[in-house]
Amino acid sequence: MGLLRKWWSLDQSESDRTLGLETSEQYKERWISIRVFYCMGFLLYFAFNVVVTGLWPYLKTLDPEANKTFLTYLFAMPSVMQLVFSPLFGWWTNRISSTRIPIAVSLVAFIAGHVLYAAVEDIPVYRKEILLLSRAVAGLATITSTIYRAYISSATTVAERTMTVSNMNLAHTLGLLAGSAFQPFLSLLGKDGYCLFGFIRINMFSSVGWIGVALGSIVLAMMMPCVFKEHHIAVKEIALKNSDAVMNGSRISDDRLRYHPIGLMLMVFALVMFSYKAVQSWTFVNYGLNSCRCGTKRKKITTIGRGAMDVVTKFFSLKQSEADRALGLETASEYRERWISIRVMYYTGFLVYVAFGIITTSAWPYLRSLDPDAEKAFLTYVFAIQSVVQLVFSPIFGWWNNKLPSVRKPMLFFLVAYVAGQILYALIEEIDAYEKYMLLISRGLFGIASVSCTIYRAYMSSATTVAERTKAMSFLSLAQTCGLLAGSAVHPLFSLLGEDGFSFIGLFRVNMYTAVGWFCAVLGCVNLILMMPFVFKDQQIALKEAMNGQDVTATKDVWKSMELKYLPITLMVAAFALLMFVYSAIQT
């Protein structure tokens, strides 16, 4: 509770007061306004995901003849509205030097769209078209994400910005998770529901719209002048540091914008959002929505919550299917052992990427706390050492892995290096000399551990059949993505410890930086246990599948009989290298 009080505290610190940029009252007003946007981000993403997860069954209820093509229009409409109106609202916001009025307008549209969404069932004609219109009107609210991101950049100092943006991303993530978790509870209302006040129909579908209306109204109330008061402290900070910069209201005139990195960031963000929308549409069309196929036969619609539970149950099931048993490649016990081992690799992928995401966001402030004279040039070495070590050791460990009958020994080596690197990262503050070089060494050890990405991807290829491989690799990528998201989302929680932190039984200090290392070290120890022979058992079913039906008895003969297609392999390696180059360039 003490940490939470510290995080929500609105008392200005001495270091902030000495900057002379604002009074204590202005500081309090500024951080209340920033927290308003935290709440806004959470509530809007919550409402967004509650609607999305129930969209397909609602569409089929309104129009049983509707197909998935129209569903894609419903998914795409908010993005189209954001594409069209974001530049206009951005220009308008810059023109009036205020965010309140544009956000209020978009929130009114959000509320109107959700009222329309909830009332579609009471309209006798053109239901699916009106549903599309409700998505378009509510889509105007997505513009707020552009505006409040810009506001947070202008309402924070350089020292505050990283933490504030991380907290905003945490609010978004929690909103998405809460929206997905809340949807199954609404399904308890059923399709018929009940009538409120004699004219408002509340059921499992329309209740989603009314929840959006309520949340939008709460956010709109937060934007009133009695709560939200704009403060553009970044402009004051820039003007203080640059005497040649000219202030113009909440804007600043300065011709030193770096257009190349800005353009690169825009392209990459567009690529990320394209991938997110593609995965989102594919997921709801091909997974959760499959539950509705049974609805036509059974004369009812199975809710998305039950469909999601079926997917989860199927994912965690270790029961061999009849089709797999008919192949004759393994027994039911071997099948179970193989899929337990594959899930261990999922965890390993999650582990490596969660450490990558959580440490990357705090590397610079940690470096500055260790050595106040450290420059950003050294930070690039801290980022680059991992890739350099991986570049050097990946071929070596790949050769070693091919010489061994199992991946266990290389993986144990990597995990020991991982845990050692994280412990060193956490103990650097206890070392009185060469702190920044110790940080570099700890990142180098993590670089050795990241070679495991090569090994566990290779293992996934050999431990799955051709029919299983795409799905298994997709789940591995999902685990890695969840690791990155979890790392970014968890880091703000460690910031509650502050730079002082506390002493752990008098042995070492745990603060917002060192806690990251200990957290990752604990996860690494769990992974070490999972790699023990009583849990992880190497199964090379791909070789059995390749040998099935061939007149060969040795695995080497199988490889010799297979013709490698070097051109597509080379193209894939080159594309992956380009992707990682762009990612690393943006990261640094």
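Accessible areas here come from the Shrake-Rupley method with a 1.4 Å probe, and for residues only the protein chains shown count as cover. On that basis, the accessible surface of the protein chain comes to about 30,900 Å², with 68% of it belonging to carbon and sulfur atoms. The model is a predicted one, in which local features need pLDDT of at least 70 and side-chain atom pairs count only at pLDDT 80 or more, while totals for chains, interfaces and linings use all residues. Residues are numbered from 1 along each chain as its sequence is written, and side-chain values use heavy atoms, with hydrogens and water left out.

The protein chain holds 26 helices and 6 strands; helices (H or I, at least four residues) and strands (E, at least two) are DSSP runs, numbered from the N terminus. Of its 588 residues, 43% are buried, where buried means under 20% relative accessible area, exposed over 50%, and partly exposed in between (1.4 Å probe, protein chains only). Contact is taken as heavy atoms within 4.5 Å. Among contacts between residues at least 6 apart in sequence, 73% join residues at least 24 apart.

Turning to the interior, a nonpolar core is a set of buried Ala, Val, Leu, Ile, Met, Phe, Trp, Tyr and Cys residues joined through side-chain atoms within 4.5 Å. The largest such core has 64 residues, of which Met345, Tyr346, Met411, Tyr418 and Leu439 touch the most other members. Helix α16 (residues 332-360) gives the most to this core, with 14 residues. A second, separate core of 55 residues includes Tyr27, Trp31, Phe89 and Tyr151. Beyond residues up to four places away in sequence, Tyr418 touches Leu351, Ala355, Phe446, Ala449, Cys520 and Gly524.

Two of these partners, Phe446 and Ala449, are also among the buried residues of α20. Helix α20 (residues 435-450) has 16 residues and reaches 23 Å from its first C-alpha to its last, close to the 22 Å expected at 1.5 Å a residue; the expected span is 1.5 Å times one less than the number of residues. Its buried residues also include Lys436, Leu439 and Arg443, and the buried set packs against α16, α17 (363-370), α18 (376-403), α19 (408-427) and α21 (452-462). Helix α10 (residues 206-222), with 17 residues, reaches 25 Å, close to the expected 24 Å. Buried residues of α10 include Ser206, Gly209, Ile211 and Leu215.

Leu391 is found in helix α18 and is exposed, with a relative accessible area of 67%.

Ser97 lies in the loop between α5 and α6, is partly exposed at 27% relative accessible area, and has a phi near 55°, a positive value in a residue other than glycine. Ser98, in the loop between α5 (68-96) and α6 (100-119), is buried at 15%. Leaving aside neighbours within four places in sequence, Ser98 is in contact with Thr93 and Glu230. Ser98 and Ile147 are 49 residues apart in sequence and 9.8 Å apart in space, C-alpha to C-alpha. Tyr126, in the loop between α6 and α7 (127-139), also has a positive phi, of about 50°, and is exposed at 62%.
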